[in-house]
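Visitor: I am new to reading protein structures. Could you walk me through one, feature by feature?

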Amino acid sequence: MDTPFDILHIDPDADEADVIEAYRQRVKEAHPDHGGSADEFQRVRAAYEEIRTGYSLGERDIARTDERDRPTDASEDDAESDAEPDGTRVEYLDYDVLAEHSWELTDEDLFEKAAAAGLDAESYGTVVVEPRTCLLKAAEADGHNWPYACRGGACANCAVAVVEGDMEMPANHILSSEMMDFGIRLSCISVPTTDEVKVVYNIEHLPGLDELRLPSQQARRVRPSD
Ligand code: FES
């Protein structure tokens, strides 16, 4: 039976950077759009998750993932939280809406304009993120269909721009320091650290992020640029 390392075509001693690089390569190869299949794609994703979260190979425990590097998930951990007990109110806006209204990501009154524009709930609204819960998971629990691929910090499909407040990522192997300074975060592993947060989602086609995307794991909405 193939181990997760066999599936990713890496040595069990591979370091984290090599694991991520191998995963990015294998997930592309396995994607149905690139000659793979849905089953193979899921197999590669599962292998990557196993390696990230720890995997016992015979006598050797290779659970090398530091707990701090794990995506935070309320369903996995009942430990005390430092975050607000009632969760964080995250106001969201779909990046596609900006072009339609000639708004800019850097507009200081971006969310005021969004609130007054009568947008539908998929384009603009609020989601409450429970303590120790990642934004993407909270958005999905609220019925949203935001972009993602790996769900493990290895691509930019789930990227959001934080325009107010902040969110913390337990690890970052993908985004440049400039992107981080600009407020870009990966919603699949990011947890709000302020009482209120405002984010623009669906930004994965921005320059610099587009190159970091992986084949999507979900049906995507049709965009004029696609
Ligand atoms: S979905 Fe790949 S980093 Fe979030």
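Guide: Start with strand pairing. Two strands pair if DSSP finds at least two bridges between them. Here, strand E5 (residues 159–164) and strand E9 run antiparallel, joined by four bridges. Strands (E, at least two residues) and helices (H or I, at least four) are DSSP runs, numbered from the N terminus. This is a predicted model: local features need pLDDT of at least 70, side-chain atom pairs count only at pLDDT 80 or more, and totals for chains, interfaces and linings use all residues. Residues are numbered from 1 along each chain as its sequence is written.

Visitor: In E9, which residue is the bridge partner of Val162?

Guide: Val162 has Val199 as its bridge partner in E9. Tyr92 also has Val199 as its bridge partner there. Strand E3 (residues 88–94) runs parallel to E9, with six bridges joining them.

Visitor: How many residues of strand E9 are buried?

Guide: First, the term. A residue is buried if 20 or more other C-beta atoms lie within 10 Å of its own, exposed if 12 or fewer, and partly exposed in between; C-beta atoms are placed from the backbone. In E9 (residues 196–201), five of the six residues are buried, and the strand is mostly covered.

Visitor: What is a nonpolar core?

Guide: In soluble globular proteins, nonpolar side chains tend to be buried together. A nonpolar core is a set of buried Ala, Val, Leu, Ile, Met, Phe, Trp, Tyr and Cys residues joined through C-beta atoms within 7 Å. The largest one here has 54 residues, and Leu8, Leu135, Val160 and Val199 touch the most other members. Helix H2 (residues 16–30) gives the most to this core, with six residues. The core draws at least three residues from each of domain 1 (4–65) and domain 2 (88–212). Those bounds come from an automatic or database domain assignment.

Visitor: Which residues is Leu8 in contact with, beyond its sequence neighbours?

Guide: Two residues are in contact if their C-beta atoms, placed from the backbone, lie within 7 Å. Leave aside neighbours within four places in sequence, and Leu8 is in contact with Val19, Ala22, Tyr23, Arg26, Val44, Ala47 and Tyr48.

Visitor: How do I read a helix with a buried side?

Guide: An α-helix has 3.6 residues a turn, so residues three or four places apart point the same way. Take helix H3 (residues 38–53). In H3, Phe41, Val44, Arg45, Ala47, Tyr48, Ile51 and Arg52 are buried. Seen down the axis of H3, these buried residues fall within an arc of 155° (from the directions from the helix axis to the C-beta atoms), so they line one face. Helix H1 (4–8) and H2 are among what covers them. The face turned away from the buried side carries the exposed residues Ala38, Asp39, Gln42 and Ala46.

Visitor: Where is His9, and what is its phi?

Guide: His9 lies in the loop between H1 and H2. His9 is not a glycine, yet its phi is positive, about 60°. His9 counts as partly exposed because it has 13 C-beta neighbours inside 10 Å.

Visitor: Is Arg151 buried or exposed?

Guide: Arg151 counts as buried, because it has 21 C-beta neighbours inside 10 Å. Arg151 sits in the loop between helix H6 (135–141) and E5. Its phi is also positive, about 60°, although Arg151 is not a glycine.
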